[in-house]
Each structure stands twice: as C-alpha cells, then as structure tokens.
Amino acid sequence: MTTDKKVAFYTLGCKLNFSETSTIARDFQNEGFERVDFNDYADIYVINTCSVTENADKRFKTIVRSALKMNEEAFIIAIGCYAQLKPEELANTDGVDMVLGATEKFKVLDYIQDLSKNDIGEIHSCEIDEADFYVGSYSIGDRTRAFLKVQDGCDYKCTYCTIPLARGISRSDTLDNVLNNAREISARGIKEIVLTGVNIGDYGKGEFGNKKHEHTFLELIQELDTVEGIHRVRISSIEPNLLKNETIDFVSRSRSFVPHFHIPLQSGSDELLKTMKRRYQTDLYIDRVKKIKSVMPDACIGVDVIVGFPGETDELFLKTYNLLSDLDISYLHVFTYSERPNTEAADMEAVVPQNIRNKRSKMLRGLSAKKRRAFYESQIGNELKVLFEDENKKGYIHGFTQNYVKVKAPWDPALANTVHTVKLTQIDEDGLVRFIKNEQALMA
C-alpha cells in the first residue's frame, strides 16, 4: 500500500462513535496516511454511521454526495451501527465502495489493498452474535477533553432500540487498559475525560468473553480518580438502575469526578416504562435524583426522554411532563419516537400520529429551556472552576464549569485549555453565563 494517500472521516451519532472514529483514524495515520478535513480532497472517505434516529439514516446519502463532490474517484467506506444493521442498503448507495460491520470496522486497513471504485459496495459484515470481543478506543479531537470508551454493546432488550442488534452483547475493556488509555490522554495535556460506552454502568461484564464481572463500575471510577494529570472525569449517560448510592457518594467526595450526571428516564409513566422494557419505575428515578441533590446540591442532572412512544396518550404524556417539571433536574435531551425495523415497538398498536409527537417534543424542549435557565440562575454568585475550550467562536471563548454551566468571555488565547476559578455574575442574552475571573488562576 502506498503511503501518500489522504483519508477523511465523518462521524454521525454518539460520543462512542467519535471515540471509535478517532482510534481508527490513528490506525490510518500510523500506516502513513495523511488525515484531512472531510471538506477537503481525500483518496478515502470513512463515514461512521448511526441508526438511533431516522434522520441519521437519511443524512448518510447527503454525506456521500458531499464527499464525491470533493473527489468523484474517492473510495468511500461506511462503518458503524447502520452499516451493521442495513449493509445492503448502504452498499447500494451510489458511490459507496465498502461497508464494514461491527467487528470489521477496526480491521479496515486489512480490507483496502485496492482503492479502485466498485459498482456495488463490497460488504464485510458479521452476524451480530459474533461481536463478542472488545476493542478499546478514545478520541482526542481537541486539546480540552477526550471521550474514553470503557464498554460496548448492551444486554438490555428495550423495545424501541436497535443498539443491541448493531453492537452486540455487553462487554468491557480491562481495567488496566482503561487506565493506560487514561494515562495516554493525560500525557497529551488533555484536562478532561468523558467516559463513554453503550451501557457504562454495566462495566466489568465480559472482560473475559463471558458474563462474569471482574470489576465493577465503582471500582473503575475509583481507579480513574487516581490518574495523575487528569483534572476532570465526567460520567456520560448511566442507567438509573445501575447508578448506585455508592457511586453517587464517591463522586461527591472524589478528586476529579465532576457533579454532572446524565440519566435516561424515557417516560414518566410506569405503564410505558414497562412496555418499553426499561428496568426501573419512576419511584427509583425520583430517588436517584434526590440522592444526588442531597450530597451534591449544585449537581447538574440531564435527562433523556422519548415522546410519542406507542400507547402514549395525552394523560400519560402529561405524567411525563409533570414529573419532569417537578423534579430538580437541569436540562432534557428530547427524542421524538421513530419506528426502527426489527424492534418490538415497531409492531405495537396505538401509534401516536406524527403531528402529536412533534407537538409533545416542542413542549418538552420548552420545559428543558426553562429548567436550564433556572439551573443557571441558581448558580449565579457561586465561585466555580471553568475549563476553557480551545476555539475562538465569533470573538468569544467558551468553557464549562465542573457542574456543566456554559460560560463565555471575550476571546483570550491564554485561557485555552486552562482551568480557572471564576465567580458567575449574569446570564447573557444568548443564555450563556458571564463571570469575574479570580486573579489567582487555579492552573495554567
């Protein structure tokens, strides 16, 4: 293989996809490929797909067309969840040369000896029950934070979700490997790690190709808390039934874990949670929020919620709305339900019309804006530590407090990728928070 080729990457979907794209890109660079921006001329374009929403499926063809505009002879490779679920569909997309499934994507370099265009995309895809081994990865897209993958796959059978079909069984990285990756991230001068996976609270399962837990999620975060040079570790999404009191208590007194939790709820109706095959009821969820706030009153709590699931009547939707309105949470990620092939929910009756789904989504997005504003207002006057981003955004530098309040200040390159103690003073017109910087900077 010649080594004067250029490769570009496009990632759809979640933080986990970003961490895997970053690892695959480093493999290309180690083989002598030059990585370029996706909007530049490249010999190979790799698109890491997502299938969580219908929109992600549709965007794929647009992204392929934009790559071909840059180089009509480019070799185009599709990887990721959609590539595992619908390989033939992607292979038949004009311009796509290769489709790699869940296990093959990490061996992409083995498949590209010949970069001549194919009439129909070549498929290398396993049966999903063969996706039983673990490949660690982390993203280092910017200097400020890295997404560190600790777990993959899911053993839950939620009736709306295709992820188990796309990523296979729950399995984890070894504790030693996670810690080594964290040290590599630290050595690059990156200040924050975001833990990522499909179901990270299930960490420890399948380290040895079986269902045995060698280590727990609590043991994982206790060990990560000792890694030198990492100033912040952020837990991404974690299931409420797997978020234990011991974990919450540890985060509240840890050196580097920040008071920010993202906990999927999906519905405020116990009836719908049962139909979704979620593994908790609303009482447990309320208990988790109260526990967090009891030991970390200023903690930021984000919530995933689905609207328009089959059987969601006006009454059941209002249960969700009122529960979220009453809960001491900070923001919502609202997902409008869309039917996914090969899921139980796709065949359910009592389908909610699309216009009602959209209306409910709009109501919850409005509630989210109110919740975020109220949370930000509650933090005015507090002295908090801010990690500043490494980007000039229209003359401003942005940053996040440890409890996920987004702040802004006039661009100052000296602040980039540094942590400072600031006092929050006011909320700007764009919803971001202004501050006064403590002259005694925490660290450079």
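The model is predicted, so local features need pLDDT of at least 70 and side-chain atom pairs count only at pLDDT 80 or more, while totals for chains, interfaces and linings use all residues. Residues are numbered from 1 along each chain as its sequence is written, and side-chain values use heavy atoms, leaving out hydrogens and water.

Start with the open sheet: six strands in the order E2-E1-E3-E4-E5-E6, with parallel pairing. Strands here are DSSP runs (E, at least two residues), as are helices (H or I, at least four), numbered from the N terminus; two strands pair if DSSP finds at least two bridges between them. Out at the edges sit E2 (34-35) and E6 (122-124), each pairing on one side only. Three bridges join E4 (residues 75-80) to E5 (residues 96-100), and Ile77 stands opposite Met98 in E5.

Now for the cores, which are sets of buried Ala, Val, Leu, Ile, Met, Phe, Trp, Tyr and Cys residues joined through side-chain atoms within 4.5 Å; buried means under 20% relative accessible area with a 1.4 Å probe, protein chains only. The largest has 64 residues, and Leu195 and Leu364 have the most contacts inside it. Apart from that core lies another of 21 residues, including Val64 and Leu90.

As for rings, the whole structure holds twelve aromatic pairs, meaning Phe, Tyr or Trp (six-membered) rings with centres within 6.5 Å, called stacked under 30 degrees, edge-to-face over 60 and tilted otherwise. Phe9 belongs to strand E1 and Phe28 to helix H1, 19 residues apart. Both Phe9 and Phe28 are buried.

Note on methods: Buried < 20%, exposed > 50% of the residue type's maximum accessible area, 1.4 Å probe, protein only.
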